[in-house]
Amino acid sequence: MTTVDSSEREARADLYVPMSAQVVDVQQMTDLEVLLRAAFDGGRPLDHCPGQFVQVSVLGVGECPISVCSSPTRPDYFELCVRRVGEVTAHIHRLEKGSVIGIRGPLGRGFDVAELHGKDILIVAGGLGIAPARSLIQYVLDERQQFGAFHLLYGVRSPAELLYRDDLTLWRESPDVNFHVTVDRPDEQWRGRSGVVTTLFRELPQLDPTETMVAIIGPPLMFKFAVLEVLARRIPQNSIYCSLERRMKCGVGICGHCQVNNVYACLDGPVFKYGQLKALREALE
Amino acid sequence: MADRIIRHSDLMKLVDEVARKRRIIGPVARSVPECEPPVRYFYEDVERADQLDLSFRYCVYSPKRFLTPPSETLFAFDQDDGGFVAAPQYDRRPTALVGVHPCDIHAIRLYDRVFDLEHRDEHYFARRGATMIIGMDCPGPCTDGVFCKDMGANVAEAGFDAMLYPLGTDTDGDEMRYAVMFGTKAGREWLLYSRQSAAPNADDERAFEKYQADKEAAFSFALRTRREDLAELLGRSYDSLLWDATARRCYSCGSCNLSCPTCYCFDITDETDLASGSGRRWREWDGCHLPEFALVAGDHNFRPKAASRLRHRIYRKAVWIQERSGVVGCVGCARCDRACTAKINSVEIYNQLAEEA
């Protein structure tokens, strides 16, 4: 057993002190998004639920909340898709294999996978929403025998914005998932479908309202239209999950930044049931 | 029944006793000629009891900055190519807050809850655990516009180590006498440590009873809605035009947040020395009325309008904090109303909403 001195024990118990993790792989996915694969020193798993997030630190620059985009069924590492939108994320984009980052988490509430077991699954992802969705997608594929039918719909604005291209090929070819992808604005090379993500609902077979669980992850506008499609298929509101994007700072329900009416996205979410969310006026504005 | 009776001069001796072991923070009179009244009271560090002025009516700010300072280091870090080492920093200086009014005691009890709801914030509790609270009861409203009685915060039954009740001056002199109630063992030990205080006699008991009765008569309600009914009132008022109408005057300056004894939101920032890679991460007060508070990456603002920010603050104070913590989120001290640069008044807001509903 290794001994831990008191200051190290204090650091581990402190809400705000990040743990050290190493970047083991970096993949530039688009102009704006990079995929980091990271692992804790000593190989300790992140031990997260699909849909949870972590606070990623570049010490001296700051911290930002990032969804974990890999599944806990792949415990040797965890992956983070980071869009370059500000100072901290710009620094994250400069990280290389071997760089050290700080991680706090896993934080928040993810998908209740126990509730999903045995059900048919429909995941609808728009834009960057594919990142948190991917932790669940991988989970369902890795635990395939635990689930019924699996449908996955993914939409982005233009082909250049497609993320996880290797995964897309895999999913397209896999018999384990009924996968459809569309782009709003196709370019000349695009051979796939075009139109908003809700147009993909036409590709779905009849859904069993009592046996289907749905996860909708994407920008608020997409969410509104997608939830309409799902409700129209008579799926109850508490069978619909979605994930909210807010700027979590403390990540532990204190600092107030991610508050949505009377809930904290970092604590009560980021994954919510639609039944809970529709009572929150600020959630989808 | 009071636990002890103490005269002002003896109390000062006791405070000086405490000052040998603890930093003392209490009300200090400051001349502010441009204000009316021209003498204002602030909670400040003092070295001796005679620097305190316990005859204060109210302090401009609550003592919250001594428990959760405007800016505080969360941890210091060193880094090299191989990684980083972070050392959390806690302030455990023994401290005594002297002369804390019931409203501010309620606000501290709220902090005790919200910093330990789902996760325990050791930075707060390091200070809190080292802080002794000697309360000062209010015989009547400290100033116009307060609504502490409405919020159930003009009386504190717990949350202090000892509480002083100013009974009035002696019959044989002009020295203030206080009844004292113990809140904790530490408070009891402090008072019984020396012979400065006495057990109350029958006259003292009568004086304390009269004090309580006079106090009861001195406070009145300011809100048309009972505290228990505020949730229902606000539940019906989300779409009221009053938020827009009132917020037209709002400068989004955040003075209400700054002066509020129950506001505790914060932002987190890093600072680093580029050459060494060493630095610190600290937090500082933030305020939900400031336009950038709900701004996220990509320049989307979840509360872009002053009206939505005003509504957010009032909902937090009147309903949401209580829903989460069980402790009411406002203590009715009206510091927000006094601090408001646009004279937005929360009592007025509640009462106008009640009229509308």
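How many residues does the contact take from chain A and from chain B? Select both chains to begin: the contact takes 33 residues from chain A and 35 residues from chain B. What is on screen is a predicted model, and the predictor gives the complex an ipTM of 0.91 and a pTM of 0.93.

**The side of chain A that touches chain B**

Select helix H1 (6-13), strand S4 (62-67) and strand S6 (100-107) of chain A; these are the elements that give two or more residues to the side touching chain B. H1(A) gives the most, with four residues. Colour this side of chain A by class, and it has 15 nonpolar, 10 polar and eight charged residues.

**Chain B as a whole**

In cartoon view, chain B has 11 helices and 13 strands. The radius of gyration of chain B is 22 Å, close to the 21 Å that the globule rule gives for 357 residues, so chain B is as compact as a globular protein of that length. Along the principal axes, its C-alpha trace spans about 70 × 60 × 40 Å. Buried residues account for 42% of the 357 residues in chain B. Of the contacts in chain B between residues at least 6 apart in sequence, 72% join residues at least 24 apart.

**The nonpolar core**

Bring chain A back and select Ile123(A), Ile216(A), Cys242(A) and Val180(B). These residues have the most contacts inside the largest nonpolar core, which has 180 residues. The core draws at least three residues from each of domain 1 (6-107) and domain 2 (113-243) of chain A. In soluble globular proteins, nonpolar side chains tend to be buried together.

Now centre on Val180(B). Beyond its neighbours within four places in sequence, Val180(B) is in contact with residues including Ala2(B), Ile6(B), Met163(B) and Leu191(B).

**Backbone details in the loops**

Most residues other than glycine have a negative phi, and most peptide bonds are trans.

- Pro270(A) lies in the loop between strands S14 (263-264) and S15 (271-273) of chain A.
- Look for Pro37(B) in the loop between strands S2 (23-31) and S3 (39-46) of chain B.
- Asp47(A) counts as exposed because it has 12 C-beta neighbours inside 10 Å.
- With 18 C-beta neighbours inside 10 Å, Ser252(B) counts as partly exposed.

Notes
Residues numbered from 1 in each chain as written. Chains lettered and ligands numbered in written order. Predicted model: local features only at pLDDT ≥ 70, side-chain atom pairs only at ≥ 80, totals over all residues. Core = buried A, V, L, I, M, F, W, Y, C linked by C-beta atoms within 7 Å. Buried ≥ 20, exposed ≤ 12 C-beta atoms within 10 Å, placed from the backbone. Domains from an automatic or database assignment. Contact = placed C-beta atoms within 7 Å. Nonpolar A, V, L, I, M, F, W, Y, C, P; charged D, E, K, R; others polar. Rg over C-alpha atoms; globule rule 2.2 N^0.38 Å.
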